[in-house]
Amino acid sequence: MDRKRFAIRTYGCQMNVHDSEKVSSLLEQAGLDPAASEAEADLLVINTCSIRDKAEHQLYSDLGKLREWKAERPGRIVGVGGCVAQQVGDRLLGRFSQLDFVYGTHNLRRVPALLEGAFEGRRAAWVGEDPSPSRFDLPMQRTRSTEGQGPRRKAFVTVMEGCDMYCSFCIVPSTRGREISRAATEIEAEVRALVEAGVVEITLLGQTVNAYGRHDVRRGHAAAAGTMPFAELLARLDAIPGLERIRYTSPHPLFYDEALIRAHGELEHLCPHVHLPVQSGSNRILESMRRRYTRERYLEIVEGLRRARPDVAITSDLIVGFPGETEADFGDTLALVQEAALVDSFSFKYSPRPGTRAAEMGDEVSPEVAQERLTRLQRLQGGQTLRYHQSRVGGRTLVLIDGASRRGGDQLSGRDLHNRVVNLDPEAGPDLRIGARVPVRIVDATPHSLLAEALASHP
Ligand code: 5AD
């Protein structure tokens, strides 16, 4: 019999992208092959997001369309995982007869068994919490690039999962569960194995990644749990020979201590980019969001990072239209974007999530006002991003080439150390290919990317 083929649709954050990679490894280990497209797949997994209402609704719209996909070939299987799966659980099976199995955010390892059951006609959901660090024990991730051109150069590595912060707007504590950190020796072993296989850039992942180990350290259990302060973990990874770039996402401002700020000036491979979500520039709103810092503290961290690493690029997440947000509060957000000199930001209209504190607050901002604020914020950020890009013209940087440019043509595209998108002309150098690290000079700036010329080429 032909081997079964699977496809995965992923929504949401980088943690979800990485969870899909983990499920992929598990399915391959179970004897399935990745399908070239969903049209060829026997199994489709949807890895869902529930951070905002729109993301959650994507699942229901997808499931509607999948009735037809299933009917085209009898025996096809549909599975759903991720944050909506975790929250809605087996009620999804009740509501959608075209759905075969559901797995929660702690239960990736159950996917092969759920699939086997589904092939035998049993529909099931597995969404229990698993507070044990053994849930990090998964097969080694794939080390070939998905383009099939040589080894992978970039990989995600989970260091912690879950969130105990309970920001009043956020659903994550109820979809990802309690904070749990992985032993440093395991993280280090995974990074070493990846580097051995050709990876040069890792992004450390966690819902509040720089809270790594904090519960263990505070309770005096760090030795037993094998964890340590985040800055120490970074220093250990920085010493791994062959590793060129270290990133981490997403940190919380509350967990920046002196050591972590200093690390940005001291660790050779830690990239000069920090994505540091601020959410609002108004102290009143920050308090009501339960962010546990002030705009002053946020700016102090930014200043500290700049002192440690003058060229550091700071990006952020912002929410507009949080309950009770006045024009003056919003003005504080606009001012903070400027004061922090954010290089870029993702901004969102507040979306009430059932079960969160903020959803009970009342005092809503009208959708029209929220939209108008979002537009103004994005216009301000757009100008600031473009000016930052322009300031880089004439400068040099190092690009890791990811693939073809989104701008089309035969341009190649990659990221520089500051995580900016850099496009370059493949004619410009002899060995320009995916995975190469290329020293370049920036020759032009656009609102969303930099254009560069190769100076020489590297392996
Ligand atoms: N509404 C709008 N945006 C939200 N985010 C998280 N929860 C909500 C919500 N309820 C945004 C935050 C966070 C990013 C991942 O999503 O800015 O940093």
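**Before starting**

I am working with a predicted model, in which local features need pLDDT of at least 70 and side-chain atom pairs count only at pLDDT 80 or more, while totals for chains, interfaces and linings use all residues. Residues are numbered from 1 along each chain as its sequence is written, and side-chain values use heavy atoms, with hydrogens and water left out.

**Entry 1: the ligand**

I looked up which residues surround the ligand, and found I51, R52, F169, Q279, D317, I319, F348, K349, Y350, S351 and R353.

The side chain of R52 has an N or O atom 2.9 Å from a ligand oxygen. D317 places a polar side-chain atom 2.7 Å from an oxygen of the ligand. With S351 the backbone is involved: one of its N or O atoms lies 2.8 Å from a ligand nitrogen.

Then I looked at area: the ligand taken alone exposes 400 Å², and the protein buries 87% of that. Such areas come from the Shrake-Rupley method with a 1.4 Å probe. I also noted that β13 (313-320) and β14 (344-349) are the elements giving two or more residues to the shell. Strands (E, at least two residues) and helices (H or I, at least four) are DSSP runs, numbered from the N terminus.

**Entry 2: backbone angles**

Q279 is not a glycine, yet its phi is positive, about 75°. I found Q279 in the loop between β12 (273-275) and α12 (283-289). Is Q279 buried or exposed? At 8% relative accessibility, Q279 is buried (under 20%; exposed is over 50%, partly exposed in between, with a 1.4 Å probe and protein chains only).

A341 also has a positive phi, near 50°, and sits in the loop between α14 (327-339) and β14. A341 is partly exposed at 35%.

**Entry 3: paired strands**

I saw β16 (412-415) and β17 (421-424) pair in the antiparallel sense over four bridges; pairing needs at least two DSSP bridges. G414 has V422 in β17 as its bridge partner. β17 also pairs with β19 (450-454), this time in the parallel sense over three bridges.

Methods:
A residue is near a molecule or strand if one of its heavy atoms lies within 4 Å of it. A polar contact is a pair of N or O atoms within 3.5 Å; within protein, one must be able to donate a hydrogen and the other to accept it, and residues adjacent in sequence count only if both atoms are side-chain atoms.
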